[in-house]
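Here is my note on the fold, as you asked. Please read it with the model open beside you.

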Amino acid sequence: MKAKGDSFERLAARFLLSKGLKIVVRNYRCRGGEIDLIARHGQHLVFVEVRSRGNPRFSSAAASVDLRKQRKLIRAAHYYLQQHPELATCPCRFDVIAFEPPQSRAEKVPTWIPGAFTN
């Protein structure tokens with residue numbers, strides 16, 4: 001299952017690069033949690049959660065980033081900023097890249113939700 005997640009994270013990274021973001025870190029892990037992608041977008045430091053769903057009967061990929069997951073992401077972002085104090089004054093945001101089950105298309109088209117939630 002991790003290989004599938006890696007595939008979606010690579011697709012998300014390529015998508016964000018095409019939108020002008022610069023990927024800084026992939027798969028950041030710490031005691032507080034994990035962040036799929038960390039990027040720069042202009043002056044912003046962007047913490048990105050990548051989600052996918054294979055079955056349309058379950059909640060959407062974006063909706064799966066619930067309050068519990070948001071708290072974990074925020075905690076991990078705090079750890080990252082503590083390790084990189086030079087970035088502590090950058091404005092930060094949390095984005096979600098969601099891959100929903102394909103309807104009639106074979107390609108995986110992401111939904112990008114900039115500023116999906118706030119700290």
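The points below go from the basis of the model to the sheet, the cores and a few single residues.

1. Basis. This is a predicted model, in which local features need pLDDT of at least 70 and side-chain atom pairs count only at pLDDT 80 or more, while totals for chains, interfaces and linings use all residues. Residues are numbered from 1 along each chain as its sequence is written, and side-chain values use heavy atoms, with hydrogens and water left out.

2. Elements. The chain has two helices and five strands. Their order along the sequence is α-β-β-β-α-β-β. Helices (H or I, at least four residues) and strands (E, at least two) are DSSP runs, numbered from the N terminus.

3. Chain totals. The chain has 119 residues, and 39% of them are buried. Buried means under 20% relative accessible area, exposed means over 50%, and partly exposed lies in between (1.4 Å probe, protein chains only). The accessible surface is about 7100 Å², with 51% of it belonging to carbon and sulfur atoms. Those areas come from the Shrake-Rupley method with a 1.4 Å probe; for residues, only the protein chains shown count as cover. Of the contacts between residues at least 6 apart in sequence, 53% join residues at least 24 apart. Contact here means heavy atoms within 4.5 Å.

4. The five strands form an open sheet, ordered 1-2-3-4-5, with mixed pairing. Strand 1 and strand 5 (110-117) are the edges; each has a single partner strand, so one side of each has no neighbour in the sheet. From one strand to the next the twist averages 30°. Angles run from 0 to 180 degrees between N-to-C directions, with axes as lines fitted to C-alpha atoms, for helices over the stretch in contact. Two strands pair if DSSP finds at least two bridges between them.

5. The two hairpins. Strand 1 (residues 22-30) pairs antiparallel with strand 2 (residues 33-41) over seven bridges. Two residues separate them in a hairpin. V25 has I38 as its bridge partner. Strand 2 then pairs antiparallel with strand 3 (residues 44-52) over five bridges. Bridge partners here include A39 with V46 and H41 with H44. This hairpin also has two residues between its strands, and G42 takes a positive phi near 65°.

6. Strand 4 and its partners. Strand 3 and strand 4 run parallel, joined by eight bridges. E49 stands opposite V96. On to strand 5: the pairing with strand 4 is antiparallel, over five bridges, and F94 stands opposite F117. How many residues of strand 4 are buried? Seven of the eight are, so strand 4 is largely enclosed by the rest of the structure.

7. Cores. The largest nonpolar core has 21 residues; Y28, I35, I38, L45, F47, Y80 and F94 have the most contacts inside it. Strand 1, strand 2, strand 3, helix 2 (67-83) and strand 4 (92-99) each give two or more residues to this core. Helix 2 gives the most, with six residues. Another core lies apart from it and has 14 residues, among them L16, V46, V50 and I97. A nonpolar core is a set of buried Ala, Val, Leu, Ile, Met, Phe, Trp, Tyr and Cys residues joined through side-chain atoms within 4.5 Å.

8. F47 and V46. Leaving aside neighbours within four places in sequence, F47 contacts I35, L37, I38, A77, Y80, L81, C92, R93, F94 and D95. V46 is in strand 3 and is buried, at 0% relative accessibility.

9. N27. Please check this one. N27 lies in strand 1. Phi of N27 is near 55°, a positive value in a residue other than glycine. N27 is partly exposed, at 25% relative accessibility.

10. Cysteines. The whole structure has zero disulfides, a disulfide being a pair of cysteine sulfur atoms within 2.5 Å. For C92, the nearest cysteine sulfur is that of C90, 6.5 Å away. C92 is partly exposed, with a relative accessible area of 33%.
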